[in-house]
Amino acid sequence: MKRRDFINWVGLSAIVSSLPVAIAACSDQTASEEWQTVGTVAELDEDGQLLVKNWPSVNVLVVGTSESANLIAVDPTCTHSGCTVTWEAEGNKFGCRCHGAEYASDGQVQRGPATEPLKTYTAKIENDSVLVKPN
């Protein structure tokens, strides 16, 4: 086998071996943009909120009940310190107990030290399931 043929085969092998990785990366991106079940209506109605850790690779906090016109869904990780924010129904806001940051129901910063908003998701109830998808 000539050196040029050998180099061509090595190059072709590298391309072919990376093809499954490229296909899988494209497939995961498409799947993550679809509605995903994060819990049941009964779980949401129990406390008026549903915290799901590592969905699929992040945390999700859904606030509301089956009677709510609109559900609120955010990544409850404080953008300042990484602590988990909690829903404060009285003030209609999310609060971080670590350093006092506050976020509006749409995830926007109301009070620092955080400067970046919480990531938000679209949420809905379908049958007996609570569904969420990235915005």
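**Exercise 1: The fold**

Read from the N terminus, the elements of the chain follow the order α-β-α-β-β-β-β-β-β-β-β-β. The model is a predicted one, in which local features need pLDDT of at least 70, side-chain atom pairs count only at pLDDT 80 or more, and totals for chains, interfaces and linings use all residues. Residues are numbered from 1 along each chain as its sequence is written, and side-chain values use heavy atoms, with hydrogens and water left out.

Task: State how many helices and strands the chain has, and what share of its residues is buried.

Solution. Step one: the chain has two helices and 10 strands, where helices (H or I, at least four residues) and strands (E, at least two) are DSSP runs numbered from the N terminus. Step two: 30% of the 135 residues count as buried, that is, under 20% relative accessible area, with exposed meaning over 50% and partly exposed in between (1.4 Å probe, protein chains only).

**Exercise 2: A hairpin and one of its residues**

Task: Determine how strands β2 and β3 are joined, and describe the surroundings of N59.

Solution. Step one: β2 (residues 49–55) and β3 (residues 58–63) run antiparallel and are joined by five bridges; pairing requires that DSSP find at least two bridges between two strands. Step two: Q49 has V63 in β3 as its bridge partner. Step three: two residues lie between the strands, which form a hairpin. Step four: N59 belongs to β3 and counts as buried because its relative accessibility is 16%. Step five: leaving aside residues up to four places away in sequence, N59 touches V52, K53, N54, V74, D75, P76, T77 and Y121, a contact being heavy atoms within 4.5 Å.

**Exercise 3: A loop residue**

Task: Locate D106 and decide whether D106 is buried, exposed or partly exposed.

Solution. Step one: D106 lies in the loop between β7 (102–104) and β8 (109–111). Step two: the relative accessible area of D106 is 45%, so this residue is partly exposed. Step three: the C-alpha atoms of D106 and T120 are 7.2 Å apart in space, while the two residues are 14 apart in sequence.

**Exercise 4: A charge and a ring**

Task: Identify the ring over which the charged end of K124 sits.

Solution. The charged end of K124 sits over the ring of W35, 4.4 Å from its centre; the criterion is NZ of Lys or CZ of Arg within 6 Å of the ring centre and within 35 degrees of the ring normal.
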